[in-house]
Each structure stands twice: as structure tokens, then as C-alpha cells.
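Please examine the model that follows.

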Amino acid sequence: MRLLSSSLAPLALIAALAVSAPATAQEAPAAPAPAAATSAVSPQGQPKLIVAVSVDQFSADLFAQYREHFTKGFTRLLQGAVFASGFQSHAATETCPGHSTLLTGVHPSRTGITANSWFMPGIGRAEKEVYCVEDETNPKSTPDKPVVSAAHLKAPTLGDLMKKRNPKTINAAVSAKDRAAVMMSGHDTDAVYWIGPKGFTTFENRKITKAVEAENAVMARRVAAGDGALPVPGWCGNVDRATPIKDFTIGTYRFPLAAGDFNAYSNGPRIDTATAEMAVRMVDELGMGKDAVPDVLSVSFSATDKVGHAFGTEGVEMCIQMNVLDEALATLFDALDARGIDYEVVLSADHGGFDAPERQKLRGNPDAARIDPALSAKELAAAVSQETGITVKNGPLFYGAGEAGSVWFSAELTPDQKQKVMAALVARLKTNPQIAAVYTQDQIMQWPEPKGNPQDWTMEQKVRASFVPGRSGEVQMLTVRGVVPGKPAPFKVASHGSPWDYDRRVPMLFWRKGMVGFEQPTPVETVDIAPTLAATVGLTAPAGTWDGRCLDIDAGEADSCRR
Ligand SMILES: [Zn+2]
């Protein structure tokens with residue numbers, strides 16, 4: 001960090017040299033002096049490989065709760081640049097928008113990825129919903145079984161820009177989730193893999209490789225054999241206790257694997273292990289990190305999110321998951337070390353998360369609640385239709401609503417009808433005590449793109465940062481703090497997606513061998529990641545390319561943002 005003004009720099013440099021001189025002289029006479037304030041990107045030069053890690057639903061709260069217990073892969077990251085308060089600054093805190101910010105450096109209002117899925121009421125097919133990485137123009141595609149494409153992503157990723165600079169850059173990604181892998185790698189990619197019905201798979205027009213076949217064979221053997229419960233680390237402590245929810249409980253599950261149950265394997269902690277292994281196989285198969293042209297490997301670990309949704313964030317299940325994640329990170333980093341690759345890591349998350357409200361209520365948070373069923377599209381549409389006397393022939397009056405936080409109106413409505421329906425809907429929403437704010441597209445588009453400390457953003461600023469006219473719903477509805485969408489069911493008790501900081505705040509950790517680490521509690525944004533990494537590989541981009549700013553991750557007088 002450049003904490004001193006330039007006029008003080010020489011003094012500080014002299015002091016640093018004086019302090020380190022005796023040790024240097026005795027133990028390693030030939031060692032170079034500490035980096036001078038005027039040094040380039042890094043005393044080591046550019047890294048050969050950028051490893052961009054996303055841990056899905058890894059909130060700053062989980063990081064704070066578990067960081068003291070990490071002893072494996074996380075250890076090195078905790079010795080790097082630790083930004084404990086990173087922000088997915090926008091309101092729509094879902095997987096696809098969150099992953100879209102990580103390596104593009106722009107908010108979802110510019111990536112075009114406003115949600116995991118949105119509605120196109122005028123689209124000429126039965127399903128009006130469109131998935132964020134689907135090619136809905138392909139007649140074979142449905143939101144549930146999408147033909148996967150990056151076409152909806154409107155901004156280039158870091159990998160795209162590096163490949164444009166030099167086509168020898170290798171840009172690859174892996175995740176259990178298609179949307180995570182696609183959003184982090186972008187448009188110009190060498191290999192992108194995600195978990196399909198039987199194992200890792202890729203785009204329809206690409207073939208899976210020997211590395212994929214090998215990892216899929218390993219997974220198939222493990223699934224066929226089955227497995228017992230996963231170990232509970234001693235440090236889990238008192239999270240290992242049952243919490244009743246209706247007619248079932250959470251807080252005691254240990255992920256036994258029934259022989260042949262690929263679904264259980266791919267939706268639990270074990271899939272993070274496979275993701276790390278697949279990442280290593282990709283490094284070998286593609287020859288990443290070998291030549292002077294830096295490569296980008298994006299790895300999104302999905303299990304933390306899957307465990308969070310299934311069991312909430314504060315039970316033994318999440319503790320077990322944190323341990324498996326720590327091990328998976330070690331699998332990845334140890335393999336890169338063994339290959340002698342000079343790599344730079346960033347680890348962050350697509351969004352945070354919130355615990356099951358039933359458990360929150362038992363633990364000093366009486367305001368946590370399930371969303372009011374009256375806020376579902378079905379119930380709202382029935383009430384608004386009755387009130388206005390307006391109906392449509394096909395489908396509902398509008399789509400989305402409470403669970404989506406966004407409302408798309410039927411294409412059958414005339415402009416006059418739409419105005420009446422919208423007015424009635426907005427008035428109705430404003431009377432519901434679970435609704436914190438309601439905005440229409442016309443209001444939202446009058447607001448400027450937000451800037452400044454993301455912790456202080458208003459609700460309007462958060463909404464603006466993930467709004468795209470024509471794609472986002474024309475009415476945005478935001479629930480009050482602590483409202484969880486969805487009815488509880490076994491393996492489905494908690495979620496995210498709110499504009500509140502438990503869903504927005506994520507850690508941002510940077511590490512490279514030999515760097516001097518530091519802790520920085522001041523809020524930063526995930527859109528800062530792309531310009532920060534770009535600077536370390538000497539990539540420049542025209543002003544306005546990024547919404548974020550370069551963070552100086554050199555703790556000394558050198559500035560990793562200044563070349
Ligand atoms: Zn999720």
C-alpha cells in the first residue's frame with residue numbers, strides 16, 4: 001500500500017533497508033534489497049497464471065466465523081492481501097450476476113446479467129423464463145435443460161481481454177455450475193467445464209477431452225462405491241445440534257453417500273474436491289502457466305452454496321463443508337506448487353448468504369421470517385386482476401414477483417392496461433410490511449450509476465447497479481432485512497438474493513508467493529478484482545472499461561497498480 005506521500009518515501013525506504021540489513025548480510029549476502037518505491041509491477045515480474053477462485057455463497061460472515069480454523073488451502077491466502085469486506089455491491093445477489101462481476105470489473109447493469117433467470121413474456125415458446133447462460137434462440141433449449149452459451153454476457157472478462165492482447169493466453173474455467181464457469185471465463189475460451197447429469201461436460205459444439213474423461217471416471221468409481229459420513233472437525237463445536245423445521249430437522253447431517261447416488265455426490269461437499277482435481281487436470285492438459293504469456297484459470301467451487309441452500313449456514317453441515325473446501329483449495333494449490341508454476345490467486349464469492357429463519361429466531365434474531373405467500377406472482381396477480389378487472393387470455397398477468405424480486409408484465413397487456421396493472425400492483429406491494437421498497441423502471445433509469453463506498457449505498461443505488469431496462473422486470477420489489485424466499489422443505493431451507501449486506505458482503509483475498517500480506521477492513525468491491533489483476537499482468541484498458549478500481553496489493557512502498 002502507498003500509505004506515505006512521495007516526499008516521505010525515501011526516508012521510509014532507508015528505514016526499511018536499515019531494519020532488514022543485518023539479517024540479509026548474515027544469511028543471504030546475495031539477496032536483492034527490498035523492492036524500491038519505483039519498482040515495476042512486482043519485484044518478481046508478472047505471474048504466469050492467474051487462478052481466480054469463487055466460492056459460491058461464501059459470505060464475509062462465513063469467512064469471519066471460520067477463518068481461524070483454516071489450516072490447509074486457506075492458510076496461504078490468509079497471509080496475502082485480505083480484504084475482509086468485499087462487496088457484490090448490487091441488489092440482485094444471485095449466482096449469475098455475482099459471477100458476472102468477478103472478472104469483468106463491471107456491475108450487472110453493464111454485464112447484462114441481472115439475475116439467474118429472467119422472463120421474456122413475448123418469447124415464442126412455452127417457457128417464458130430465460131436462463132442466464134442459455135441460448136434461447138436454439139429451439140432445443142429450455143431454462144431447465146439449456147443449450148449453454150455466453151451470449152447474454154455483455155462485457156469482456158479479464159481472460160477475454162488478455163486473449164485479445166495475446167492469443168497465446170489460455171482462458172479456462174471449471175465449476176459444478178454452468179453459469180459460474182461461463183461467467184468467469186467469458187467469450188473467448190479454451191476450455192469450460194461444468195457438471196452435467198453424469199459428470200463434467202462442456203458446450204454443445206465442443207468435445208470433452210481425455211482430462212474430463214479421466215476425472216469423470218474417478219467420480220463414477222467413487223459414486224459406485226458409496227461413502228460413509230464426512231468427518232466433523234473438532235472445531236465445529238456447538239453448531240452440531242438439531243434445529244426442528246416443521247416435520248424435519250437441520251443441523252445434524254453428515255453427508256453419507258449411498259452407492260450410485262450421483263445427485264448426492266454432485267450436490268454436497270465432495271463436488272468441491274472433484275472441481276479442484278478437474279482444475280489440476282486442465283492445467284496439465286492445456287499446459288497452463290508454462291510460457292511467458294500469462295493464463296487465466298477460473299475455478300468456482302459450488303458446494304458451499306449447495307450446502308447453504310440445503311441446510312442453512314449455521315449448522316454442522318456448513319462446518320463440514322468449510323473443512324472440505326479448505327482441503328480442496330490445498331489440492332489445487334499444492335498441485336500448482338508441485339509443478340513449479342508461478343501463480344497469483346484471488347478468492348472471492350458471487351454473493352453471501354443467510355441462515356434458515358427458523359434457526360435465526362432461536363438465536364437472537366426474532367425478525368427473520370419466510371416470505372409472505374401473498375407476495376407470490378400467482379396471489380398478487382389474482383388480487384390485482386380482481387381489483388382492476390383486467391385479465392389476459394394466455395398465461396398470468398405478470399411473472400416473477402416475490403421470489404424473483406422483479407415483475408415482468410404479460411405481453412398481451414395494452415399500454416393502458418399495463419399502466420393500470422402496474423399502479424395497482426405497486427400500491428398493493430407498498431402496504432405489505434415485508435416490502436422495504438418498490439421501484440418502477442422509469443424511476444430507476446433516472447438514477448445515475450452508483451459510485452463510492454458500497455457499504456453506504458442507498459437501496460436505490462443497489463437496485464440501479466443490477467438493473468438493465470428491457471431485461472430486468474419493470475417493477476422491482478425489495479424485501480425487508482431477514483426475509484427468506486421459498487417455503488422450507490428437506491434439503492431446501494435457506495437462500496440469498498436480497499439487497500442486504502449478509503448477501504452482498506464477501507471476502508476478497510489475493511495471494512502470490514513471496515508477497516507481503518496485510519489486512520484491509522475498508523470496503524472494496526468485487527468489480528475491483530479485474531483491474532487489480534490486470535495491472536499485475538501489465539494489461540491496460542481504456543478509461544471506463546471497468547466500474548472498479550485497481551487495488552494496490554503490494555504492502556510495501558511499491559504500488560502494484562503503477563507501472
Ligand atoms: Zn445459491
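**Zinc site**

Q: Is Asp305 buried or exposed?
A: In this predicted model, local features need pLDDT of at least 70 and side-chain atom pairs pLDDT 80 or more, while totals for chains, interfaces and linings use all residues. Residues are numbered from 1 along each chain as its sequence is written, and side-chain values use heavy atoms, without hydrogens and water. Buried means under 20% relative accessible area, exposed over 50% and partly exposed in between (1.4 Å probe, protein chains only). Because its relative accessibility is 3%, Asp305 counts as buried.

Q: Which class of accessibility does His309 fall into?
A: The relative accessibility of His309 is 22%. His309 therefore counts as partly exposed.

Q: What separates Asp305 and His309 in helix 11?
A: Helix 11 spans residues 303-311; helices are DSSP runs (H or I, at least four residues), numbered from the N terminus. Asp305 and His309 are 4 residues apart in helix 11, so their separation is about one helical turn.

Q: Which protein donors does the zinc ion have?
A: Donors are N, O and S atoms within 2.8 Å of the metal (3.2 Å for Na, K and Ca); water is not among the atoms, so sites may look incomplete. The protein donors lie 2.1 to 2.4 Å from the zinc ion. They are Asp305 (OD), Asp305 (OD), His309 (NE2) and His496 (NE2).

Q: What spacing do the donors of the zinc ion follow along the chain, and what is the geometry of the site?
A: The spacing along the chain is D-x3-H-x186-H. Angles among the 4 donor atoms are 56 to 154°, and the site is irregular.

Note on methods. Four donors count as tetrahedral if all angles lie between 85 and 135 degrees; four count as square planar and six as octahedral if opposite donors are over 155 degrees apart and all others between 65 and 115; anything else is irregular. Helices (H or I, at least four residues) and strands (E, at least two) are DSSP runs, numbered from the N terminus.
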